[in-house]
Amino acid sequence: MAAPCPLPPPDPQFVLRGTQSPVHALHFCEGGQAQGHPLLFSGSQSGLVHIWSLQMRRALATLDGHGGQCVTWLQTLPQEHQLLSQGRDLKLCLWDLAEGRNAVVDSVCLESVGFCRSSILVQGQPRWMLAVPGKGSDEVQILEMPSKTSVCTLKPEADAKLGMPMCLRLWQADCSPRPLLLVGYEDGSVALWDVSEQKVCSRIACHEEPVMDLDFDSQKAKGISGSAGKALAVWSLDGQQALQVCGTHQLTNPGIAEVTIRPDRKILATAGWDHRIRVFQWRKMQPLAVLAFHSAAVQCVAFAANGLLAAGSKDQRISLWSLYPHA
């Protein structure tokens, strides 16, 4: 008997149009709306942030705080109705969205013109920690928020020659109060910093090209990174805080803009420069689907807590996918 043909990839559940500009950032906000539908925030090349109702499938509001410069990162805070947006105008804006307000209530001036997205670590309300690209081309600045107090500047040793930080991920182990920071660098390496000690615990060479994005599963102590090259790298962290490469997955075409693990840590998705969204089973990195809907580079991917996947592209569209529902 012939083996059964694999099922063709599904179509998007629906598509959001109306950004009128390439989409560079996506973020789901849980509990932002009734009937269990999360809100979706998108950041565009034209500097606008759109707030989308997935129930009505249209934009509820448009935020204009970055002077027409590309929005590269979005993140909501656990405090009610607060949004962070990072733009190429070298500003990180804090928005108050409560009760229909769309106001910038604070901002942080950034000193790096790179593409590196910021990262936050919530340490108990109302305090939180913020990692941003620093003034020096190879530096990362750590701030305590909302006071904007400088905690430290993380600068590699002069002879390391890591290049610019390309992606950041602040996190904290369940068993430790010490904040840790994963950084993907221009030279293709990933480093783990101990923020309190201001030192590199471990560094591994993962890629031959700049690391474009990474995600980390703190429960499994395992992470994944994508680069401008043709391989995804999977790496782990042992009890001595030493990173080690577990394996690589070769892609057909080069260029990963973003990689994200679903909240239930069952699957992950990548945003490809080749217009494709790739979906993998996380535990064994088994390829599950290649979603070929977009007509230009996919710049960003995000999962909602309910498993819904959003992808934003240079083709000015946001596709929403319901894949491999939670078991």
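Reader: What volume does the second largest cavity have, and what makes a space a cavity here?
Author: The second largest cavity of this predicted model has a volume of about 30 Å³, where a volume is the space filled by probe spheres set on grid points that are joined across faces, edges and corners. A cavity is a set of points, on a 1 Å grid over the protein atoms alone, where a 1.4 Å probe fits but cannot get out; a pocket is an open set with protein on both sides within 12 Å along at least five of seven lines, and lining residues have an atom within 4 Å of a point. Because the model is predicted, local features need pLDDT of at least 70 and side-chain atom pairs count only at pLDDT 80 or more, while totals for chains, interfaces and linings use all residues. Residues are numbered from 1 along each chain as its sequence is written, and side-chain values use heavy atoms, with hydrogens and water left out.

Reader: Which residues line the second largest cavity, and which element gives the most?
Author: Its lining consists of Leu84, Leu92, Leu94, Asp106, Ser107, Val108 and Met145. Strand 8 (91-96) and strand 9 (103-109) are the elements that give two or more residues to this lining, and strand 9 gives the most, with three; strands here are DSSP runs of E, at least two residues long, numbered from the N terminus.

Reader: What makes the contact of Asp106 with Lys148 a salt bridge?
Author: The closest N and O atoms of Lys148 and Asp106 are 2.8 Å apart, and the term asks for a side-chain nitrogen of Lys or Arg within 4 Å of a carboxyl oxygen of Asp or Glu, so the pair qualifies. Between domain 1 and domain 2 the count is one salt bridge.

Reader: How do you know where the largest cavity lies relative to the domains?
Author: The chain is divided into domain 1 (20-110) and domain 2 (112-210), with bounds from an automatic or database domain assignment. Both domains give residues to the lining of the largest cavity, so this cavity lies between them. About 70 Å³ of space lies in it, and Thr72, Arg88, Leu110, Ser112, Phe115 and Pro133 are among the residues that line it.

Reader: How do you know how much area is buried between the two domains?
Author: The area buried between domain 1 and domain 2 is about 1,500 Å², of which carbon and sulfur atoms give 63%, and buried area is the accessible area (1.4 Å probe) that two parts lose on being put together, summed over both. Contact, meaning heavy atoms within 4.5 Å, joins 17 residues of domain 1 to 19 residues of domain 2, while the C-alpha centres of the domains lie 23 Å apart.

Reader: Why is the largest pocket said to lie between the domains?
Author: Domain 1 and domain 2 both give residues to its lining, so the largest pocket lies between them. Its volume is about 1,400 Å³, and of its 46 lining residues, the closest to its centre are His27, Gln75, Arg169, Asp215 and Thr260. Strand 14 (165-172) gives the largest share of the lining, seven residues.

Conventions:
Helices (H or I, at least four residues) and strands (E, at least two) are DSSP runs, numbered from the N terminus.
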